[in-house]
Amino acid sequence: MIRAVSTPNIALIKYWGNRNEPFRLPAADSLSMTLDTPNVEVGIDFADTFSMQSFNPDGTEKNLSTQQMYRIEEHIGLMNTYLGSIGIRVKGNVTLQIHSHIPASVGLASSAAVFSGIARAYSALLDEGLTEQEISVMSRLGSGSASRTTYGGFVSMIVTGDGIGDSYAEQIADEDHWKLSDIILIPNRDEKKVGSTEGHALASTSPYFKQRISDIPTRQAECINAILKKDFEKLQSVSEIDALDMHHVMETSTPVLQYLSAETHRIIDEVKALRSAKHLEVLFTMDAGPTVHLLCTEDAKTEVLAYAKSQTQCTIFETQIGPGSHIL
Ligand code: PMV
């Protein structure tokens, strides 16, 4: 059995909305930082029929819903369709084992880690010399943001056309470029009601979606520049604008998608107060859930961690920049 490991990433320019739903072709570019933890381990082998087992963080076997099983089987099918389009024919099926150390559905991008781990393991099993770009396409076919965890460090996901292979990830800078941490505060562990797959399909119902899509190229360029120059102030302003803009689109779509909670807003307000009182290099961002990610520099880390630990009702993860999906 081939084993791969992968992790979530945190988006600084958010991917929300597709130009093609079944192929998960994004409506716009996005950018993220790959995290080093918590991880998901994926084992894969050839088999006559598709089967899979999934395990909880405590090692107990997890009962997957028919929908979850179907999504993974569909991912294998889509990867095979893509491989066919680049001249690689796959015969037979696979068996999978997934060990996750990520609490499910808390806006911590467990799907990004799972699907990039599956794509990485599958590419090694096939042993066809697939490129990193091709593996990022295969990851995207399970979950758009998974594409970005193909690489470590700071990663963009670009869209170049309407074909199945026309959106993939590119590394902006590797994991040694800038020592940032992501202190993650999870206010509650309730499963979210609307997953991002369904959410993407609603994005275009917001009257603010078109404006968002036309603003992204400038923001993406500013974000890349801020990363390359290690300009935290710029990174903070552009990523916070983009996160709040994505949530504005979500909250004005039909039906309304409300991922942020009163706790999220309280934490944001307190972090803003803390950073101006103590001149800290810390920024906040949220994906599709109430979880708050506090990205900070080494100088700000002690203060940010102390604040996070004072939030006794939150689950806290302390993460750094990671290397991306890889074979064990
Ligand atoms: O990869 P998906 O389909 O789970 O979508 C991810 C969406 C966000 O996490 C909200 C934003 C992003 O770019 O990661």
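Student: In what order do the strands of the open sheet of four stand?
Tutor: The model is predicted, so local features need pLDDT of at least 70 and side-chain atom pairs count only at pLDDT 80 or more, whereas totals for chains, interfaces and linings use all residues. Residues are numbered from 1 along each chain as its sequence is written, and side-chain values use heavy atoms, without hydrogens or water. Strands (E, at least two residues) and helices (H or I, at least four) are DSSP runs numbered from the N terminus, and two strands pair if DSSP finds at least two bridges between them. The pairing in this sheet is antiparallel, and the order is 13-14-12-15.

Student: Which strands form the edges of that sheet?
Tutor: The four strands run in the order 13-14-12-15. An edge strand here pairs on one side only, and this applies to strand 13 and strand 15 (315–320).

Student: What is the average twist from one strand to the next?
Tutor: Axes are lines fitted to C-alpha atoms (for helices over the stretch in contact), and angles run from 0 to 180 degrees between N-to-C directions. In the open sheet ordered 13-14-12-15, the average twist from strand to strand is 20°.

Student: Which residue of strand 14 is the bridge partner of Ser181?
Tutor: Strand 12 (residues 180–186) pairs with strand 14 (residues 292–297) in the antiparallel sense, over six bridges. Within strand 14, the partner of Ser181 is Cys296.

Student: Which residue of strand 9 stands opposite Ser54?
Tutor: Strand 7 (residues 51–55) is parallel to strand 9 (residues 93–100), with five bridges. Strand 7 also pairs with strand 8 (residues 61–62), antiparallel and over two bridges, where Ser54 stands opposite Lys62. In strand 9, the residue opposite Ser54 is Ile98.

Student: Which residue in the turn between strand 7 and strand 8 has a positive phi?
Tutor: The two strands form a hairpin with five residues between them. A phi of about 90° occurs in this turn, at Gly59.

Student: How far is the polar side-chain atom of Arg148 from an oxygen atom of the ligand?
Tutor: A residue is near the ligand if one of its heavy atoms lies within 4 Å; Arg148 is among the nearest of 14 such residues, with Tyr15, Ser143, Ser145 and Ser196. A polar contact is a pair of N or O atoms within 3.5 Å (within protein, one must be able to donate a hydrogen and the other to accept it, and residues adjacent in sequence count only if both atoms are side-chain atoms). A polar backbone atom of Tyr15 is 2.9 Å from a ligand oxygen, and a polar side-chain atom of Asp287 is 3.5 Å from one. For Arg148 the distance is 2.8 Å.

Student: What share of the ligand's own exposed area does the protein bury?
Tutor: A polar side-chain atom of Asp287 lies 3.5 Å from a ligand oxygen. Areas come from the Shrake-Rupley method with a 1.4 Å probe, and for residues only the protein chains shown count as cover. Taken alone, the ligand exposes 380 Å², and the buried share is 95%.

Student: Is Asp127 buried or exposed?
Tutor: Asp127 lies in the loop between helix 2 (110–126) and helix 3 (132–140), and has a positive phi of about 55° although it is not a glycine. Buried means under 20% relative accessible area and exposed over 50%, with partly exposed in between (1.4 Å probe, protein chains only). Because its relative accessibility is 67%, Asp127 counts as exposed.

Student: Which residue does a cis peptide bond join to Thr37?
Tutor: The omega of this bond is about -10°.
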